[in-house]
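Please consult the sequence and the structure shown below while reading.

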Amino acid sequence: MLNNFSYIRPKTLKDAVKELSAKDAGLHAGGTDILGCLRDHVFDITKMVSISGLKELEGVKGIADGGMRIGAMTTIAHVAGDSAITERYAALAQAAAEVASPQLRNQGTVGGNLCQKPRCWYYRGEFNCLRKGGEKCFAVMGENQYHCILGGGPCFIVHPSDLAPAMIALDAIVHVAGKRETRSVPLEKFYVLPVTDVHRETVLAEGEIVTEVILPAAGTITSSYRKVRARAAWDFALAGVALAMRFDKGVVSDARVVLSGAAPVPWRSKKAEAVLVGRKLDPAAAAAAAEAALKDAQPLAKNGYKVPMFRALIEDQLNGMVRKG
Ligand SMILES: Cc1cc2nc3c(=O)[nH]c(=O)nc-3n(C[C@H](O)[C@H](O)[C@H](O)COP(=O)(O)OP(=O)(O)OC[C@H]3O[C@@H](n4cnc5c(N)ncnc54)[C@H](O)[C@@H]3O)c2cc1C
């Protein structure tokens, strides 16, 4: 059962930031994640601030330098179906199409997807785990088959968003509005590892709202996103990979390899990228990059299967680009 809270729907961004700055306030975008958190008492709030009245946060449009602006209240379904995104930022359109179910994509927003809470069953369940202020991570000795293999400790969640790895591969920047200022944060620097602060997932301060995501001009970029899940119906990624590559005369001139389902944050594998840049993309390069991406993996007792799964996924996805030429 939900605890009682008041519900307000400010008409301006300034008012929304002000209302959200109050103690125990929560932000409601599409509500598909926060209502579940409140129902399960992952955290409680006394005031819900809906930003659904802020029409300026909706929609996708081209910007002057050839890039694209995606409002935080744009639905995931819109992103999946937008022809300009599909054409120029394929990884993002593919990732959006892989999120949950049609109903959730119609209701869930880009901002909500980037800021959703982790799905660890101890965190979401009746366990006073580290992330909720308790003393231990129950996954370490517990049912850890869906937990992280990279970047873990002292908490071993995996970051749940499909959009975030694709956007990081595309060098996205988020704009954030707060009490005193608006600021820009590269999405790659938006997420916080548990070793830095186990009680937060993002760098957002109290009252701050993600207003939009900026994608730089795509130019000659080739990108893709693919995920493996436990079942064919809607599900979070067991393993996912976003690739964004540029080629110069057949040689990789720039590469982004970002993993989902691997780490507490979307995991950019600079080791895999270093293997790829400066050489022709062929099956040997794909295999070497996949090997490099998993070099530092430290699986827990029950998630060792993720290591060969990621290796195969990365290799296959890179070979897909070889086949397409
Ligand atoms: C059954 C199920 C399956 C799912 N499967 C997947 C999946 O496969 N892949 C995937 O990526 N996701 C998946 N999700 C998560 C889903 O995509 C998110 O619930 C959704 O994107 C959240 O968007 P929302 O607008 O409903 O957010 P809300 O529920 O309104 O908010 C989510 C969180 O983000 C914060 N927030 C929202 N907007 C902003 C903003 N603009 N600025 C700052 N903070 C903000 C809220 O305060 C809240 O804490 C699944 C969810 C469910 C319930």
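The points below treat the nonpolar cores and then the cysteines.

The model is predicted. Its largest nonpolar core has 42 residues, and a second, separate core has 28. A search of the whole structure finds zero disulfides.

**Largest nonpolar core**

- Within this core of 42 residues, Ile70, Leu92 and Leu114 have the most contacts.
- The helices that each supply at least two residues of this core are α3 (76–81), α5 (90–97), α7 (110–115) and α9 (163–169).
- The strands β5 (68–71), β6 (173–177), β8 (209–215) and β10 (239–248) likewise each supply at least two residues.
- Helix α9 gives the most to this core, with six residues.
- Leaving aside residues up to four places away in sequence, Leu92 touches Ile70, Val79, Ile85, Leu163, Ala166, Met167, Leu170 and Leu215.

**Second core**

- The separate core of 28 residues includes Leu276, Ala286, Ala289 and Leu294.

**Cysteines**

- A disulfide is a covalent bond between the sulfur atoms of two cysteines.
- For Cys137, the closest cysteine sulfur belongs to Cys155 and lies 5.3 Å away, which is too far for a bond.
- Cys137 counts as buried, at 14% relative accessibility.
- For Cys148, the closest cysteine sulfur is also that of Cys155, at 7.4 Å; because a disulfide requires sulfur atoms within 2.5 Å, this distance is too far for a bond.
- Cys148 is buried, with a relative accessible area of 1%.

Terms used: Residues are numbered from 1 along each chain as its sequence is written. This is a predicted model: local features need pLDDT of at least 70, side-chain atom pairs count only at pLDDT 80 or more; totals for chains, interfaces and linings use all residues. Side-chain values use heavy atoms; hydrogens and water are left out. A nonpolar core is a set of buried Ala, Val, Leu, Ile, Met, Phe, Trp, Tyr and Cys residues joined through side-chain atoms within 4.5 Å. Buried means under 20% relative accessible area, exposed over 50%, partly exposed in between (1.4 Å probe, protein chains only). Helices (H or I, at least four residues) and strands (E, at least two) are DSSP runs, numbered from the N terminus. Contact means heavy atoms within 4.5 Å.
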